[in-house]
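Subject: Two-chain model, interface notes

Hi,

Here is the structure I promised to pass on. Please have a look at it before reading my notes.

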Number of protein chains: 2
Amino acid sequence: MSETVPRPTLEAVAERAGVSRATVSRVVNGAHGVRDALADRVRRAVEELGYVPNQAARSLVTRRHDAVAVVAAEPETRVFADPYFAQQLRGISKELTAHDNQLVLLLTEGREDHARVGRYLAGGHVDGALVFSLHLHDPLPGLVRGAGVPTVFGGRPDWEDDGGDVVYVDSDNRGGARAAVRHLAGLGRTRIAHITGPLDQTSAADRLAGFRDVRAGADPGLVAHGDFTPGGGERAMRELLDRCPDLDAVFAANDLTAAGALRVLRERGRRVPDDVAVVGFDDMLPVAEQTDPPLTTVRQDIEEMGRLMARLLLRGLDPRAADATPETVPTAPGTPGVILPTTLVRRASA
Amino acid sequence: MSETVPRPTLEAVAERAGVSRATVSRVVNGAHGVRDALADRVRRAVEELGYVPNQAARSLVTRRHDAVAVVAAEPETRVFADPYFAQQLRGISKELTAHDNQLVLLLTEGREDHARVGRYLAGGHVDGALVFSLHLHDPLPGLVRGAGVPTVFGGRPDWEDDGGDVVYVDSDNRGGARAAVRHLAGLGRTRIAHITGPLDQTSAADRLAGFRDVRAGADPGLVAHGDFTPGGGERAMRELLDRCPDLDAVFAANDLTAAGALRVLRERGRRVPDDVAVVGFDDMLPVAEQTDPPLTTVRQDIEEMGRLMARLLLRGLDPRAADATPETVPTAPGTPGVILPTTLVRRASA
């Protein structure tokens with residue numbers, strides 16, 4: 001008997017090409033969403049090592065199940081309480097149903113369950129995954145990539161390493177924030193404060209960056225930390241008024257935060273918008289219409305984000321479907337993400 | 001070559017035994033939840049026909065994926081808006097997570113998607129299914145049984161044909177309704193009305209049956225139809241007051257209905273409970289505590305229903321696990337269902 005030579009593995013190809021296993025898997029299986037330069041490196045490594053994809057594993061990957069997983073890096077209790085997530089899910093559900101794909105929502109109780117989600121994704125039960133990864137240092141995106149299924153992320157993931165082939169859909173958080181702050185400056189306001197969201201989420205970090213783009217030299221005392229909740233908005237607004245009683249405008253990182261800020265402003269006898277102008281972010285209804293006064297805010301199309309995530313994934317899975325529906329998808333130049341535009345909605349608060 | 005004799009199929013066994021394919025599948029694969037008499041008939045048919053289970057198909061069925069599907073016969077928009085479903089899902093999620101099983105929620109846009117759900121369940125992606133089938137004549141239960149995966153239903157399914165081996169978890173809707181009406185009678189009320197739920201749901205039908213158990217000879221004018229919503233409760237309450245202005249008590253099929261009825265009673269100048277006593281069903285919080293006056297109601301443990309559904313399914317999948325956790329499960333004598341008790345919660349309305 002001749003000596004058994006170990007077959008080169010997917011891991012060996014990934015190491016030689018300097019990319020993730022998921023990237024090798026995608027290139028080998030002809031999936032879309034890998035940059036040309038990266039794909040070339042993978043093909044070279046495949047050739048040099050004489051790698052032959054495992055047929056069984058490959059058929060598991062290429063066999064269509066007509067099913068797509070949706071994974072949220074949040075416990076199920078929060079997923080169900082979050083109108084934002086429900087709206088994205090609505091967009092996803094409509095798009096998947098229109099293409100007769102089953103929506104498979106994978107729920108967890110917390111981070112300790114994410115390894116099990118990774119196993120399910122790797123088990124050949126779905127064709128791809130849509131992942132909401134909102135927090136920095138979350139292990140979920142890595143687990144999903146390790147599972148080797150095509151994936152589209154909702155919201156910009158925070159990792160930049162080897163992330164060149166990551167497809168994601170996000171709103172223009174930074175540009176929207178800039179528009180909000182410019183609007184306040186255009187009203188003649190000179191002491192503009194910002195209440196941030198939780199800065200372990202890229203959406204909040206990007207909105208703060210947008211604020212700083214316009215107010216580069218602003219007094220650091222004009223920035224207070226919130227957490228995307230009305231209670232956080234109240235606390236931050238009190239802090240701001242104590243520190244900077246002469247402030248004349250507030251850009252709140254989301255509408256719920258703005259609602260809390262408005263309550264404190266009223267409590268302290270400040271007229272909105274006369275004394276202090278307020279702008280929110282999201283255009284979350286009915287909140288934004290029911291504040292007193294109704295809220296000027298930055299609108300993002302949350303349902304459309306979900307729909308687009310599903311569409312991008314389905315296109316990657318079946319390029320013919322993409323040809324059949326020649327519709328323009330806005331892409332951000334120089335990034336692998338699709339960034340949806342935001343619009344300022346003017347109501348009474350600014 | 002000898003002539004090929006067609007191998008007896010699962011269908012042939014099912015036909016000879018006079019049971020569903022799912023029942024044959026469960027008996028052949030050693031799953032629990034099939035009554036002895038039925039299981040004997042299946043084994044006899046297997047012997048008589050010389051049926052040999054297809055090994056590949058069998059391994060698909062017996063291989064554990066450590067994943068359980070949850071299927072709701074409602075569009076995703078209603079699933080997410082329904083606090084009742086969210087509570088059941090919480091119980092399911094906790095129990096599955098405790099046993100390291102992945103919760104796979106299969107969402108749909110409507111009935112036309114149920115065939116796809118059936119295909120996914122039959123595709124070997126989950127070990128079993130938990131199905132909420134609330135409406136009469138729903139094709140979903142049949143599709144799930146056809147898929148041949150062990151299943152536990154949430155709520156009593158309406159079909160009685162060949163349903164002897166169906167495992168379900170429900171609340172004691174009929175007994176709870178009887179307790180509510182007896183409580184009103186015990187207060188000396190003699191003109192007791194009932195506002196029903198949508199009678200295409202077994203829970204609503206069972207509550208009406210409980211009302212009739214106690215008030216067999218009641219004036220038919222004292223029953224009005226609602227739909228489990230506050231608006232439906234308002235409409236039904238107006239009808240009742242127009243028809244029977246002398247009524248002195250109302251048993252509403254759920255708390256939301258009762259909340260609507262209370263509004264109309266106040267509007268018409270009736271004092272609660274002095275003029276009209278009101279009892280609801282569910283003990284849905286915060287609704288039941290925040291009505292004016294706070295609502296006397298029949299409490300059911302919704303989260304526990306979900307937990308029990310998951311536990312019964314996991315036990316059927318792995319009998320050893322059942323031995324390891326010797327916990328009493330209340331079963332309704334003479335039925336394959338598990339009926340959880342209800343309790344009357346007294347507040348101010350009756």
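Below are my notes on the interface of chain A and chain B.

This is a predicted model: local features need pLDDT of at least 70, side-chain atom pairs count only at pLDDT 80 or more, and totals for chains, interfaces and linings use all residues. Residues are numbered from 1 along each chain as written, chains are lettered from A in the order written, and side-chain values use heavy atoms, without hydrogens and water.

Contacts first. On chain A, 31 residues are in contact with 31 residues of chain B (heavy atoms within 4.5 Å). The buried area is about 2600 Å², 54% of it from carbon and sulfur atoms (accessible area lost on being put together, 1.4 Å probe, summed over both parts). A:Phe80, A:Gln102 and A:Arg116 supply 27% of what chain A buries against chain B, more than any other three residues.

The rule finds four salt bridges across the interface (side-chain nitrogen of Lys or Arg within 4 Å of a carboxyl oxygen of Asp or Glu). B:Asp100 forms a salt bridge with A:Arg119, with the closest N and O atoms 3.3 Å apart.

Now the elements (DSSP runs numbered from the N terminus; helices are H or I, at least four residues, and strands are E, at least two). Strand 2 of chain A pairs with strand 2 (residues 102–107) of chain B, antiparallel, over five bridges (pairing needs at least two DSSP bridges). A:Leu107 stands opposite B:Leu103 there.

Best wishes

Conventions:
Buried area is the accessible area (1.4 Å probe) that two parts lose on being put together, summed over both.
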